[in-house]
Amino acid sequence: MSLPKDDAAELSARWTEGVLLKRDVFSTVERGRFRTESGETDAVLRRLDEVPWWSFPLARHLFAREKHALVRAKGLNVGPELLWAGRRALVRGFVDGVALHLAKPHGDLAYFRSAKAALRRLRRAGICHNDLAKEQNWLAGRDGRAYVTDFQLAACFNRRGRLYRILAYEDLRHLLKHKRSYAPEALTPRERKILAKKSFAARLWLATGKKVYRAITRGLFNFTDREGGGRRLVNDAPVLAELIRRNPAVRDTAIVAFADRRSGVGLYAFVEADQAALEGQLRSELAAAKGPKPPEHIQIVHALPRNASGAPRTEVLQLVAMNQLDLIEPMMKNEQDRAFLKDILEQRKNLRDRFNFEAKLPAG
(Lines give C-alpha, C1' and ligand atoms only; values in the text may rest on other atoms or scores of the structure.)
Protein backbone atom coordinates (compact mmCIF):
# COMPACT_ATOMS: atom_id res chain seq x y z
CA MET A 1 0.00 0.00 0.00
CA SER A 2 1.61 3.23 -1.13
CA LEU A 3 1.24 6.76 0.20
CA PRO A 4 -1.20 9.11 -1.56
CA LYS A 5 0.56 11.22 -4.20
CA ASP A 6 0.20 14.46 -2.23
CA ASP A 7 1.68 12.84 0.91
CA ALA A 8 4.54 11.32 -1.08
CA ALA A 9 5.31 14.60 -2.83
CA GLU A 10 5.36 16.56 0.44
CA LEU A 11 7.67 14.08 2.13
CA SER A 12 9.93 13.86 -0.90
CA ALA A 13 10.44 17.62 -0.75
CA ARG A 14 10.74 18.05 3.01
CA TRP A 15 11.76 14.77 4.70
CA THR A 16 15.31 13.40 5.04
CA GLU A 17 15.29 9.72 5.97
CA GLY A 18 17.11 8.77 9.15
CA VAL A 19 17.08 5.75 11.45
CA LEU A 20 14.19 3.33 11.72
CA LEU A 21 12.75 3.36 15.24
CA LYS A 22 9.88 0.90 15.00
CA ARG A 23 7.85 -1.11 12.52
CA ASP A 24 4.73 -3.11 13.33
CA VAL A 25 1.34 -3.91 11.82
CA PHE A 26 0.03 -0.43 12.72
CA SER A 27 2.72 1.89 11.31
CA THR A 28 6.36 2.52 10.50
CA VAL A 29 8.13 5.09 12.69
CA GLU A 30 11.49 6.60 11.83
CA ARG A 31 13.64 9.48 12.94
CA GLY A 32 15.09 11.97 10.48
CA ARG A 33 14.92 15.65 9.57
CA PHE A 34 12.04 17.75 8.30
CA ARG A 35 12.19 21.07 6.49
CA THR A 36 9.92 23.69 8.03
CA GLU A 37 9.43 27.36 7.20
CA SER A 38 12.05 28.26 9.81
CA GLY A 39 14.58 25.65 8.69
CA GLU A 40 15.41 21.97 9.04
CA THR A 41 14.70 20.25 12.37
CA ASP A 42 14.98 16.81 13.95
CA ALA A 43 11.66 15.04 13.64
CA VAL A 44 9.81 11.71 13.76
CA LEU A 45 7.71 10.37 10.88
CA ARG A 46 4.81 7.94 11.24
CA ARG A 47 3.62 6.42 7.96
CA LEU A 48 1.02 3.82 7.02
CA ASP A 49 2.26 2.78 3.58
CA GLU A 50 3.81 -0.50 4.83
CA VAL A 51 0.83 -1.54 6.96
CA PRO A 52 -0.77 -4.86 5.84
CA TRP A 53 -4.28 -4.63 4.40
CA TRP A 54 -5.86 -6.62 7.23
CA SER A 55 -4.71 -4.20 9.95
CA PHE A 56 -5.08 -1.01 7.92
CA PRO A 57 -8.58 0.01 9.17
CA LEU A 58 -7.41 -0.07 12.80
CA ALA A 59 -4.08 1.56 11.88
CA ARG A 60 -5.94 4.41 10.15
CA HIS A 61 -8.17 4.86 13.22
CA LEU A 62 -5.14 5.06 15.54
CA PHE A 63 -3.45 7.48 13.14
CA ALA A 64 -6.49 9.77 13.19
CA ARG A 65 -6.60 9.76 17.00
CA GLU A 66 -2.96 10.73 17.24
CA LYS A 67 -3.36 13.48 14.65
CA HIS A 68 -6.37 14.95 16.49
CA ALA A 69 -4.64 14.85 19.87
CA LEU A 70 -1.43 16.44 18.57
CA VAL A 71 -3.42 19.27 17.00
CA ARG A 72 -5.14 19.93 20.32
CA ALA A 73 -1.89 19.63 22.31
CA LYS A 74 -0.11 22.25 20.20
CA GLY A 75 1.69 24.76 22.40
CA LEU A 76 1.30 22.78 25.64
CA ASN A 77 4.98 21.73 25.63
CA VAL A 78 4.15 18.30 27.00
CA GLY A 79 5.28 16.25 24.03
CA PRO A 80 6.20 16.44 20.37
CA GLU A 81 4.71 19.23 18.28
CA LEU A 82 2.80 18.29 15.12
CA LEU A 83 4.86 19.66 12.21
CA TRP A 84 2.85 18.29 9.29
CA ALA A 85 0.06 15.80 8.67
CA GLY A 86 -1.19 14.20 5.50
CA ARG A 87 -3.74 11.48 4.87
CA ARG A 88 -1.48 8.54 5.72
CA ALA A 89 1.62 10.12 7.22
CA LEU A 90 2.43 12.70 9.85
CA VAL A 91 5.60 14.32 11.13
CA ARG A 92 6.02 15.33 14.74
CA GLY A 93 8.91 17.13 16.39
CA PHE A 94 11.69 15.16 18.03
CA VAL A 95 11.94 15.40 21.82
CA ASP A 96 15.60 15.42 22.85
CA GLY A 97 15.43 12.70 25.48
CA VAL A 98 15.05 8.99 26.07
CA ALA A 99 12.18 6.75 27.11
CA LEU A 100 11.56 6.16 30.80
CA HIS A 101 12.69 2.53 30.68
CA LEU A 102 16.03 3.72 29.29
CA ALA A 103 16.47 6.80 31.49
CA LYS A 104 15.55 5.02 34.74
CA PRO A 105 15.16 8.23 36.83
CA HIS A 106 15.71 6.67 40.27
CA GLY A 107 15.06 9.22 42.98
CA ASP A 108 14.54 12.05 40.47
CA LEU A 109 11.74 13.95 42.19
CA ALA A 110 11.96 16.90 39.79
CA TYR A 111 11.18 14.57 36.90
CA PHE A 112 7.99 13.32 38.51
CA ARG A 113 6.90 16.84 39.48
CA SER A 114 7.34 17.77 35.83
CA ALA A 115 5.37 14.69 34.75
CA LYS A 116 2.47 15.62 37.01
CA ALA A 117 2.49 19.17 35.62
CA ALA A 118 2.40 17.74 32.07
CA LEU A 119 -0.69 15.71 32.96
CA ARG A 120 -2.38 18.81 34.37
CA ARG A 121 -1.80 20.67 31.10
CA LEU A 122 -3.23 17.74 29.13
CA ARG A 123 -6.25 17.66 31.44
CA ARG A 124 -6.92 21.37 30.96
CA ALA A 125 -6.85 20.80 27.19
CA GLY A 126 -9.34 17.93 27.50
CA ILE A 127 -6.83 15.26 26.42
CA CYS A 128 -6.56 11.83 28.02
CA HIS A 129 -3.54 9.88 26.77
CA ASN A 130 -4.83 6.38 27.67
CA ASP A 131 -1.50 4.59 27.16
CA LEU A 132 0.72 5.87 29.95
CA ALA A 133 1.18 2.47 31.58
CA LYS A 134 3.94 1.95 28.98
CA GLU A 135 7.28 3.36 30.06
CA GLN A 136 8.11 3.83 26.36
CA ASN A 137 5.49 6.59 26.19
CA TRP A 138 7.15 8.67 28.92
CA LEU A 139 10.28 10.55 27.89
CA ALA A 140 13.01 12.01 30.08
CA GLY A 141 14.18 15.11 28.24
CA ARG A 142 17.78 16.24 28.23
CA ASP A 143 16.46 19.33 30.01
CA GLY A 144 15.35 17.12 32.91
CA ARG A 145 11.64 17.52 32.18
CA ALA A 146 9.05 14.83 31.52
CA TYR A 147 7.32 14.54 28.15
CA VAL A 148 4.76 12.11 26.74
CA THR A 149 4.61 10.66 23.25
CA ASP A 150 2.61 8.24 21.09
CA PHE A 151 -0.94 9.61 21.20
CA GLN A 152 -2.50 6.82 19.11
CA LEU A 153 -4.93 5.85 21.87
CA ALA A 154 -5.60 9.39 23.08
CA ALA A 155 -9.16 10.66 23.56
CA CYS A 156 -10.13 14.34 23.33
CA PHE A 157 -13.08 15.82 25.18
CA ASN A 158 -14.93 19.13 24.95
CA ARG A 159 -16.73 18.52 28.23
CA ARG A 160 -15.39 17.04 31.44
CA GLY A 161 -17.98 14.34 31.85
CA ARG A 162 -17.75 11.06 33.74
CA LEU A 163 -15.78 9.21 31.06
CA TYR A 164 -13.25 12.03 30.86
CA ARG A 165 -12.78 11.99 34.66
CA ILE A 166 -12.27 8.22 34.69
CA LEU A 167 -9.68 8.29 31.92
CA ALA A 168 -7.84 11.26 33.45
CA TYR A 169 -7.75 9.42 36.79
CA GLU A 170 -6.23 6.36 35.11
CA ASP A 171 -3.58 8.51 33.38
CA LEU A 172 -2.58 9.83 36.80
CA ARG A 173 -2.63 6.38 38.40
CA HIS A 174 -0.30 5.03 35.71
CA LEU A 175 2.11 7.91 36.29
CA LEU A 176 2.11 7.12 40.00
CA LYS A 177 2.92 3.47 39.25
CA HIS A 178 6.09 4.66 37.52
CA LYS A 179 6.84 6.97 40.44
CA ARG A 180 6.46 3.99 42.75
CA SER A 181 9.04 2.12 40.66
CA TYR A 182 11.65 4.89 40.61
CA ALA A 183 10.94 7.14 43.60
CA PRO A 184 8.70 5.21 46.03
CA GLU A 185 9.84 7.23 49.05
CA ALA A 186 8.39 10.39 47.47
CA LEU A 187 4.82 9.09 47.19
CA THR A 188 2.39 11.15 49.26
CA PRO A 189 -0.42 9.53 51.31
CA ARG A 190 -2.96 10.73 48.74
CA GLU A 191 -0.91 9.25 45.89
CA ARG A 192 -0.70 5.91 47.69
CA LYS A 193 -4.47 5.97 48.06
CA ILE A 194 -4.88 6.57 44.31
CA LEU A 195 -2.52 3.70 43.55
CA ALA A 196 -4.55 1.39 45.74
CA LYS A 197 -7.85 2.24 44.06
CA LYS A 198 -8.40 1.36 40.42
CA SER A 199 -11.41 2.91 38.75
CA PHE A 200 -14.38 0.64 37.98
CA ALA A 201 -13.55 0.98 34.27
CA ALA A 202 -9.98 -0.18 34.89
CA ARG A 203 -11.15 -3.18 36.91
CA LEU A 204 -13.64 -4.08 34.18
CA TRP A 205 -10.96 -3.70 31.50
CA LEU A 206 -8.55 -5.99 33.37
CA ALA A 207 -11.25 -8.59 33.88
CA THR A 208 -12.63 -8.60 30.34
CA GLY A 209 -11.37 -6.20 27.68
CA LYS A 210 -7.64 -6.68 28.28
CA LYS A 211 -7.98 -10.43 27.73
CA VAL A 212 -9.74 -9.82 24.42
CA TYR A 213 -7.13 -7.20 23.46
CA ARG A 214 -4.28 -9.62 24.15
CA ALA A 215 -6.01 -12.41 22.27
CA ILE A 216 -6.40 -10.17 19.22
CA THR A 217 -3.01 -8.43 19.25
CA ARG A 218 -0.89 -11.43 20.27
CA GLY A 219 -2.94 -14.05 18.51
CA LEU A 220 -4.50 -12.56 15.37
CA PHE A 221 -1.93 -9.76 14.88
CA ASN A 222 1.04 -11.69 16.31
CA PHE A 223 1.98 -8.44 18.05
CA THR A 224 4.03 -8.07 21.23
CA ASP A 225 5.49 -4.75 22.30
CA ARG A 226 7.96 -5.19 25.10
CA GLU A 227 10.18 -2.15 24.70
CA GLY A 228 9.50 -2.24 20.97
CA GLY A 229 11.16 -5.65 20.64
CA GLY A 230 8.21 -7.80 19.71
CA ARG A 231 8.12 -11.57 19.93
CA ARG A 232 11.78 -12.07 19.06
CA LEU A 233 12.90 -10.12 22.13
CA VAL A 234 10.32 -11.80 24.36
CA ASN A 235 10.64 -15.39 23.11
CA ASP A 236 13.91 -15.79 21.20
CA ALA A 237 16.39 -13.58 23.04
CA PRO A 238 16.43 -15.57 26.33
CA VAL A 239 17.01 -18.84 24.45
CA LEU A 240 19.79 -17.34 22.34
CA ALA A 241 21.46 -15.78 25.39
CA GLU A 242 21.54 -19.16 27.11
CA LEU A 243 23.07 -20.81 24.04
CA ILE A 244 25.73 -18.10 23.76
CA ARG A 245 26.68 -18.42 27.44
CA ARG A 246 27.44 -22.12 26.95
CA ASN A 247 30.62 -21.18 25.11
CA PRO A 248 33.45 -21.31 27.72
CA ALA A 249 35.07 -18.18 26.25
CA VAL A 250 31.95 -16.10 26.98
CA ARG A 251 31.70 -14.32 30.32
CA ASP A 252 28.27 -12.81 29.75
CA THR A 253 25.93 -11.54 27.04
CA ALA A 254 23.08 -9.07 26.65
CA ILE A 255 20.64 -9.11 23.72
CA VAL A 256 18.56 -6.11 22.68
CA ALA A 257 16.17 -5.43 19.82
CA PHE A 258 16.30 -2.84 17.08
CA ALA A 259 14.00 -1.95 14.21
CA ASP A 260 15.24 -3.34 10.91
CA ARG A 261 14.08 -2.15 7.48
CA ARG A 262 14.23 -5.66 6.03
CA SER A 263 13.07 -7.99 8.77
CA GLY A 264 10.98 -5.63 10.94
CA VAL A 265 12.71 -6.45 14.24
CA GLY A 266 16.33 -7.48 14.55
CA LEU A 267 18.32 -8.76 17.51
CA TYR A 268 21.76 -7.47 18.49
CA ALA A 269 23.90 -9.57 20.87
CA PHE A 270 26.68 -7.91 22.83
CA VAL A 271 29.02 -10.65 24.06
CA GLU A 272 31.56 -10.07 26.82
CA ALA A 273 34.72 -12.01 25.95
CA ASP A 274 38.39 -11.49 25.13
CA GLN A 275 38.55 -13.32 21.79
CA ALA A 276 37.74 -10.91 18.97
CA ALA A 277 37.40 -13.81 16.53
CA LEU A 278 34.70 -15.48 18.61
CA GLU A 279 31.80 -14.19 16.50
CA GLY A 280 32.16 -16.79 13.74
CA GLN A 281 32.32 -19.62 16.26
CA LEU A 282 29.20 -18.41 18.03
CA ARG A 283 27.29 -18.15 14.76
CA SER A 284 28.23 -21.75 13.90
CA GLU A 285 27.13 -22.94 17.35
CA LEU A 286 23.80 -21.11 17.14
CA ALA A 287 23.12 -22.54 13.67
CA ALA A 288 23.99 -26.05 14.86
CA ALA A 289 21.65 -25.72 17.83
CA LYS A 290 18.71 -25.37 15.41
CA GLY A 291 16.98 -23.00 17.81
CA PRO A 292 15.64 -19.51 17.13
CA LYS A 293 17.02 -17.45 14.29
CA PRO A 294 20.47 -16.13 15.35
CA PRO A 295 20.89 -12.40 16.08
CA GLU A 296 21.45 -10.19 13.05
CA HIS A 297 24.50 -8.74 14.80
CA ILE A 298 26.95 -10.21 17.30
CA GLN A 299 29.53 -7.84 18.76
CA ILE A 300 32.36 -8.99 21.02
CA VAL A 301 33.16 -6.45 23.75
CA HIS A 302 35.81 -6.56 26.47
CA ALA A 303 33.30 -5.48 29.10
CA LEU A 304 29.56 -4.81 29.14
CA PRO A 305 28.45 -1.54 30.72
CA ARG A 306 26.92 -2.35 34.11
CA ASN A 307 24.79 -0.59 36.69
CA ALA A 308 25.43 -0.41 40.42
CA SER A 309 23.94 -3.88 40.97
CA GLY A 310 26.17 -5.41 38.29
CA ALA A 311 23.47 -6.00 35.68
CA PRO A 312 24.23 -5.05 32.04
CA ARG A 313 22.95 -1.57 31.11
CA THR A 314 20.67 -2.70 28.32
CA GLU A 315 19.29 0.84 27.99
CA VAL A 316 22.69 1.97 26.66
CA LEU A 317 23.15 -1.11 24.49
CA GLN A 318 19.72 -0.62 22.92
CA LEU A 319 20.61 2.91 21.84
CA VAL A 320 23.83 1.61 20.27
CA ALA A 321 21.86 -1.05 18.40
CA MET A 322 19.36 1.57 17.19
CA ASN A 323 22.10 4.02 16.12
CA GLN A 324 20.69 6.76 18.35
CA LEU A 325 24.20 7.68 19.40
CA ASP A 326 23.52 11.28 20.34
CA LEU A 327 21.25 10.11 23.17
CA ILE A 328 23.96 7.99 24.82
CA GLU A 329 26.45 10.60 25.98
CA PRO A 330 24.20 12.12 28.71
CA MET A 331 23.78 8.59 30.15
CA MET A 332 27.52 8.10 30.68
CA LYS A 333 28.14 8.53 34.41
CA ASN A 334 31.93 8.21 34.73
CA GLU A 335 35.19 7.74 32.85
CA GLN A 336 34.79 3.96 32.83
CA ASP A 337 31.46 4.40 31.03
CA ARG A 338 33.05 6.78 28.51
CA ALA A 339 35.90 4.36 27.83
CA PHE A 340 33.32 1.68 27.11
CA LEU A 341 31.42 4.05 24.85
CA LYS A 342 34.50 4.76 22.75
CA ASP A 343 35.32 1.04 22.42
CA ILE A 344 31.82 -0.13 21.60
CA LEU A 345 30.96 2.61 19.10
CA GLU A 346 34.14 2.09 17.12
CA GLN A 347 33.29 -1.60 16.69
CA ARG A 348 29.50 -1.45 16.33
CA LYS A 349 27.87 -3.62 13.69
CA ASN A 350 24.57 -2.01 12.72
CA LEU A 351 25.85 0.42 10.11
CA ARG A 352 23.22 -0.13 7.42
CA ASP A 353 20.49 2.02 8.98
CA ARG A 354 22.36 4.98 10.40
CA PHE A 355 22.23 8.74 10.28
CA ASN A 356 24.44 11.52 11.54
CA PHE A 357 23.05 11.58 15.07
CA GLU A 358 26.61 10.98 16.27
CA ALA A 359 27.85 10.89 19.85
CA LYS A 360 31.14 12.61 20.52
CA LEU A 361 33.75 9.98 21.27
CA PRO A 362 35.98 10.64 24.25
CA ALA A 363 39.48 11.72 23.41
CA GLY A 364 41.82 8.79 23.28
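1. Two strands pair if DSSP finds at least two bridges between them; helices (H or I, at least four residues) and strands (E, at least two) are DSSP runs, numbered from the N terminus. In this predicted model, local features need pLDDT of at least 70, side-chain atom pairs count only at pLDDT 80 or more, and totals for chains, interfaces and linings use all residues. Residues are numbered from 1 along each chain as its sequence is written, and side-chain values use heavy atoms, with hydrogens and water left out.

2. Trp 84 has Val 91 of β5 as its bridge partner. Three bridges join β4 to β5 (residues 89-93) in the antiparallel sense.

3. An open sheet of five strands runs in the order β1-β2-β3-β5-β4, with antiparallel pairing. Because β1 (15-23) and β4 (82-85) are edge strands with a single partner strand each, one side of each has no neighbour in the sheet.

4. Helix α2 packs on the sheet and touches β3 (39-47), β4 and β5; contact means heavy atoms within 4.5 Å. The direction of α2 makes about 40° with that of β5 (axes are lines fitted to C-alpha atoms, for helices over the stretch in contact, and angles run from 0 to 180 degrees between N-to-C directions).

5. The largest nonpolar core has 39 residues. Such a core is a set of buried Ala, Val, Leu, Ile, Met, Phe, Trp, Tyr and Cys residues joined through side-chain atoms within 4.5 Å, where buried means under 20% relative accessible area (1.4 Å probe, protein chains only). Elements giving it two or more residues include α2 (56-72) and α4 (109-124).

Note on methods. Buried means under 20% relative accessible area, exposed over 50%, partly exposed in between (1.4 Å probe, protein chains only).
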